[in-house]
Amino acid sequence: MATNLQFIKSETISTNTTAFDITDCFGVGYDVYYLAFRNFNSTSGGNTIKIRFLDSSNNPITASEYDWAYLNLTSGSSFVETKAVNQNIINFGTTGTGSSLMNTSAYIYNPDDTNSFTFLSSQGANRDTGLEGRKQISVLSQASVIKGIRVDSGSTNMSEGTLSVFGVK
């Protein structure tokens, strides 16, 4: 069966870690990439997962050139819009503990194009203190080649999860 998704690479967390990189996953001939964050968990509930793009040498881009906005859709309270500009990292999602796993689908646009900014759009869900969904848009406002992605949980360990990267035909 033919598919429009072409597998590139995957990384699975099986021991506690605060950050991991998937290197050289962009720059392989696609304008759009699909990222599947599956079953992310942490050692403490409500942990924020953050991401940074990796430059052409696979080093994290730490300049304050990330803008992002998201809508949290929480089952037990009002929906909340959050946005930030000129940040050095993207707040991406929230994990739970135990069976409260974060699952998110994301698209990355233009990471191979030196004449365009790199964009991210995503939607996901978790179930920490209640069911929570999130819709997000983000941009790295520098026109450069992006080769990979760093997933970071700050000072709290991620205890499990798999990130898979696909090219979109």
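What follows is a working chat about a predicted model of a protein.

Reader: Before I start, what is the numbering and what kind of model is it?

Author: Residues are numbered from 1 along each chain as its sequence is written, and the model is predicted, so local features need pLDDT of at least 70, side-chain atom pairs count only at pLDDT 80 or more, and totals for chains, interfaces and linings use all residues. Side-chain values use heavy atoms, with hydrogens and water left out.

Reader: OK. How many helices and strands does the protein have?

Author: Zero helices and 12 strands. Both are DSSP runs numbered from the N terminus: helices are H or I with at least four residues, strands are E with at least two. Along the sequence the pattern reads β-β-β-β-β-β-β-β-β-β-β-β.

Reader: And what is the radius of gyration?

Author: It is 15 Å, close to the 15 Å that the globule rule gives for 169 residues, so the protein is as compact as a globular protein of that length. The radius is taken over C-alpha atoms, and the rule is 2.2 Å times the number of residues to the power 0.38. The C-alpha trace spans about 45 × 35 × 35 Å along its principal axes.

Reader: What order do the strands of the open sheet take?

Author: The eight strands run β1-β12-β3-β8-β9-β10-β5-β6, with antiparallel pairing. Two strands count as paired if DSSP finds at least two bridges between them. The edges are β1 (5-13) and β6 (80-87), each pairing on one side only. Neighbouring strands in this sheet are turned by 15° against each other on average, direction ignored. For that angle, axes are lines fitted to C-alpha atoms, for helices over the stretch in contact, and angles run from 0 to 180 degrees between N-to-C directions.

Reader: What do strands of a sheet pair through?

Author: Backbone hydrogen bonds, either parallel or antiparallel.

Reader: Which strands does β3 join?

Author: β3 is joined to β8 by seven bridges, running antiparallel, and to β12 by eight bridges, also antiparallel. On the β8 side, Y33 stands opposite I108. On the β12 side, A36 stands opposite S164.

Reader: Is β3 mostly covered or mostly open?

Author: Mostly covered: nine of its 11 residues are buried. Buried means under 20% relative accessible area, exposed means over 50%, and partly exposed is in between, using a 1.4 Å probe and protein chains only. Across the protein, 41% of the 169 residues count as buried.

Reader: Which residues have the most contacts inside the largest nonpolar core?

Author: F26, L35, F37, F40, F53, V151 and L163, in a core of 31 residues. Such a core is a set of buried Ala, Val, Leu, Ile, Met, Phe, Trp, Tyr and Cys residues joined through side-chain atoms within 4.5 Å. Strands supplying at least two residues each include β2 (19-22), β4 (47-54) and β11 (148-152). The largest share, four residues, comes from β3.

Reader: You mentioned β4. What does β4 pair with?

Author: β4 pairs with β11 in the antiparallel sense over five bridges. F53 stands opposite I149 in β11. β4 is mostly covered, with six of its eight residues buried.

Reader: Back to the sheet. How many bridges pair β8 with β9?

Author: Seven, between residues 102-109 and residues 118-127, in the antiparallel sense. S105 stands opposite Q123 in β9.

Reader: What is in the loop between β8 and β9?

Author: N110 lies there. Its phi is near 70°, a positive value in a residue other than glycine. N110 is partly exposed, with a relative accessible area of 24%.

Reader: Where is N58, and is N58 buried or exposed?

Author: N58 sits in the loop between β4 and β5. N58 is buried, at a relative accessible area of 17%. Its phi is positive, about 65°, although N58 is not a glycine.

Reader: Last one. What is G133 in contact with?

Author: Leaving aside neighbours within four places in sequence, G133 is in contact with L71, N72, L73, G124 and A125. Contact means heavy atoms within 4.5 Å. G133 is found in strand β10 (residues 131-140), and is buried with a relative accessible area of 16%.

Reader: And contacts over the whole chain: what share joins residues at least 24 apart?

Author: 74%, among contacts between residues at least 6 apart in sequence.
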